[in-house]
Amino acid sequence: MKLIALLLSISTLVNAQDLLKNVVPFRLGASVNPRLLAENEAYRNIASNEFTSMTAENHMKMMLIHPAADRFDFSKGDEIVAFAEKTGKRMHGHTLVWHNQVPQWMKDFQGDQKAWEAMLKNHIQTVVTHYKGRVSGWDVVNESFLDDGSLRPSLWADHIPDYIAKSFQWAHEADPNATLFYNDYGQDGHPKKMQAILDLVADLQKRKIPIHGLGLQMHINVDSKRAEIQEVISKSVQTGLSIHFSELDIAVNPKNNPEYSYEASAQNELFTFVFKAYGAIPAKQQYGITFWNVTDKDSWLRGYFKRPKEYPLLFDETYVKKQGYHTLVNFLQHAK
Ligand code: G3I
C-alpha cells in the first residue's frame, strides 16, 4: 500500500511540475465565460486547474453589469468571482470605462458635464464597491488612445474633460486597496500610442492620481516584431508600475485565409519569447500573464472576429494541451 501511495505522490509531483502555472513565479490567468464555466466540464476543469488568476471576458463590462440606469446586474460577474474564490484564484476586474460594450441608456444619456460625471462616478463606484475585497485589481480605463496617439473620440471623451484621471480617482475612493490599471492594445508597432500612454502615466503620477499598473493586452500575431514588443515592455517597465500582460493570444492566421492549415512552430517560439520577456520584468512589477480565454474554440478571434481557422491559445478545440504548452513548460523548467 505504501508503495502505491508513494508512486501516486511521485506522479502527482511530476504532473504538478508539468503545469504551466507551477513553473512561473507570477500569476497565470485566463479570461472566462460564465456559461462555459457552468455548462462545459472540460472547460471548467482547465479553468480550475491551470490558472491562478481569473478575468471576466465580458460580464463586468458596462453593457452587461449596468443594463439600465437604475439597475445593475452582478449575477454573472458574481458567478465568476465565486468560481475564482472556490478554486483559490485571484480575481481581476475588467473593465470599468470603455468606449465599447456601452449600454444604450448611456448612449442616450442627456445632461450637462456635472450630470455625466455623476453618472460615470456612480457606475464606477457601485461596481468597485460591490466587489471590494474580492477583486484585487481593475482595468479602470480601457483603450483610450487611437494608434496615432490621439485621444479616442468616445462618449466619455466627449462629455467629461479629464475623464481618465477622474475615473482613477473615483475607483480609488471606492476601494483604496485595489490595484488600478490603464489597459490597451497594439502599442507595438504604434510608437505614438505607446508614447501617449507613457505621457498619461507621467501626467497622472505628477498629479498624484492613483494609477498602479499598465495592462498590455498582447493580442499579437506570428508576424508581430519581437523588437517592438520588447521596446513596449521596456518602456512600460520604466514607469515603475505593475505590468499585466492582460489579454494574451497569438494569432496564426491574421489574414483569415480559409485554406490555412495550422502550423505551430512560429507561435510556439513567440509564446516562449513573451514568457521569457515577462520573466525578465522585476518581480515586484509582475502582476501576471492572462490569456484571453481558455481554448482555441472559445477565442474571440473565432467568435467575435469570425475567423474559424484561428488557433491563438494553448489548448485546442478538444480541450487538450497543444504542443506550445509543453514547449513553454519545458523551456521554463530549464530556464530556472
Ligand atoms: O451574448 C450575446 C448573445 O446573446 C447575442 O445573441 C450575440 C449577438 O451579437 O452577441 C453575444 O454577445 C457577444 C459577446 O462578445 C459574447 O460572446 C457580443 O456580440 C460581442 O460583441 C462580444 O465580443 C466581445 C468583445 O470584447 C466586444 O468588443 C468579446 O467576446 C471579447 O473577447 C472582447 O474582449 C475585448 C476586451 O474586452 C478588450 N480588449 C480587446 C478584446 C478583444 O476585442
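View 1. Of the 15 residues around the ligand, E57, K61, H94, E143 and E247 come nearest; a residue counts as near a molecule if one of its heavy atoms lies within 4 Å of it. This is a predicted model, where local features need pLDDT of at least 70, side-chain atom pairs count only at pLDDT 80 or more, and totals for chains, interfaces and linings use all residues. Residues are numbered from 1 along each chain as its sequence is written, and side-chain values use heavy atoms, with hydrogens and water left out. Sorted by class, the shell holds 4 nonpolar, 7 polar and 4 charged residues (Ala, Val, Leu, Ile, Met, Phe, Trp, Tyr, Cys and Pro are nonpolar, Asp, Glu, Lys and Arg charged, and the others, Gly among them, polar).

View 2. What sits 2.5 Å from an oxygen atom of the ligand? It's an N or O atom in the side chain of E57. N58 has a polar side-chain atom 3.0 Å from a ligand oxygen, and for H94 that distance is 2.7 Å. On its own the ligand has 780 Å² of accessible area, and the protein covers 54% of that (Shrake-Rupley method, 1.4 Å probe).

View 3. H94 lies in strand β3; strands are DSSP runs of E with at least two residues, helices runs of H or I with at least four, numbered from the N terminus. With a relative accessible area of 2%, H94 is buried (buried is under 20%, exposed over 50%, partly exposed in between, using a 1.4 Å probe and protein chains only). Its side chain also makes a polar contact with the side chain of D139, at 2.9 Å. Such a contact is a pair of N or O atoms within 3.5 Å; within protein, one must be able to donate a hydrogen and the other to accept it, and residues adjacent in sequence count only if both atoms are side-chain atoms. Now look at the backbone: the peptide bond from H94 to T95 is cis, with omega near -10°. T95 is in strand β3 too, which covers residues 90–97.

**View 4. Two positive phi values.** Most residues other than glycine have a negative phi, and most peptide bonds are trans. K208 has phi near 60° and is found in the loop between α10 (191–206) and β6 (213–216). N293, also not a glycine, has a positive phi of about 85° and lies in the loop between β9 (286–291) and α13 (323–335). N293 counts as buried, at 1%.
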